[in-house]
Amino acid sequence: SDWLWETDGAGRLRYVSRHLAEAVGTAATTLQGRSFVDVIASLSGSRRSHDRSMLERLRRCFTGTAAFSRVVIPVQVDDETRWWSLTAKPIPDASSDDRGWRGVCSDITEARSRELDLAQLANIDTLTGLANRHRFGVHTASYFAGATVSPCTLLMLDLDNFKAVNDSLGHAAGDALLQEVARRLSQVVDPESLLARLGGAEFALFHPA
């Protein structure tokens, strides 16, 4: 399940296994001589800052001299997001002092999906899709953890007589009401703000300004 590869000291591919070529969707002969990081970057295509930082971490690994392990990168293959894990160690070139890299690449998409699902369960309110109490607490705690704290705004919202809705119309109607409240609040909230459902009919909004 691992795809072998090898680069020269400049990070250019000099050996590409058949499995890696198939995963990239390009002939091995075409990949040889190309920067391995650039090949990965061409498959990434993500504008999210987190994904870009993961790619930059991989670039730094290739400019260093130490072995690296399980560097995870998101890529787009056949219009589907896949997650690859790269592990490598430096090797001396046989004909010069140039140090190349030899390593393996693994597709860990299924394991990554499970991790993301677990993270979502831990941080997202399943009924409304908003942040839950745990994520809201972690977020606000990290904001106040620094030596200096910038101004912020905290708003709390509790629906009046929500119990009467559940008692008279049933819990399904109550759930639908909470989902509608979450939808309407999400439409007017600034992207930099964090909107959460704390539980029951309680909502909270944190805005860093």
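In which strand is T7 found? T7 is found in strand β1. Helices (H or I, at least four residues) and strands (E, at least two) are DSSP runs, numbered from the N terminus. The model is predicted, so to speak of a local feature takes pLDDT of at least 70 and a side-chain atom pair counts only at pLDDT 80 or more, while totals for chains, interfaces and linings use all residues. Residues are numbered from 1 along each chain as its sequence is written, and side-chain values use heavy atoms, with hydrogens and water left out.

Start at T7. T7 counts as buried, at 0% relative accessibility. Buried means under 20% relative accessible area, exposed means over 50%, and partly exposed lies in between (1.4 Å probe, protein chains only). Not counting residues up to four places away in sequence, T7 touches R12, L13, R14, F36, F62, G100 and W101. Contact here means heavy atoms within 4.5 Å.

Now look at the sheet around β1. Five strands form an open sheet in the order β2-β1-β5-β4-β3, and the pairing is antiparallel. Two strands pair if DSSP finds at least two bridges between them. β2 and β3 stand at the edges with a single partner strand each, so one side of each is left without a neighbour in the sheet. The twist averages 30° from one strand to the next. Axes are lines fitted to C-alpha atoms, for helices over the stretch in contact, and angles run from 0 to 180 degrees between N-to-C directions. β1 and β2 run antiparallel and are joined by 3 bridges. W5 has V16 as its bridge partner in β2. Helices pack on this sheet too. α3 touches β1, β2, β3 and β4, and its direction makes about 45° with that of β3. Helix α5 (residues 109-123) touches β4 and β5, at about 115° to the direction of β4.

Next comes L20, in helix α1. L20 counts as buried, at 1% relative accessibility. Leaving aside neighbours within four places in sequence, L20 is in contact with W3, L4, W5 and F36. L20 and L4 are 16 residues apart along the chain, and their C-alpha atoms are separated by 7.0 Å.

Then the cores. A nonpolar core is a set of buried Ala, Val, Leu, Ile, Met, Phe, Trp, Tyr and Cys residues joined through side-chain atoms within 4.5 Å. The largest has 31 residues, and W5, L58, F68, W84 and L86 have the most contacts inside it. Among the elements that give two or more residues to this core are β1 (2-7), α1 (18-24) and α4 (49-63). β3 gives the most, with 6 residues. Another core, of 9 residues, lies apart from it and includes L178, V181, A201 and L205.

G174, L178, V181 and A182 are the buried residues of α8. Seen down the axis, they fall within an arc of 100°, so they line one face of the helix. The arc is that of the directions from the helix axis to the C-beta atoms. The face turned away carries the exposed residues A172, R184 and Q187. The buried residues pack against α7 (162-169), β7 and β8.
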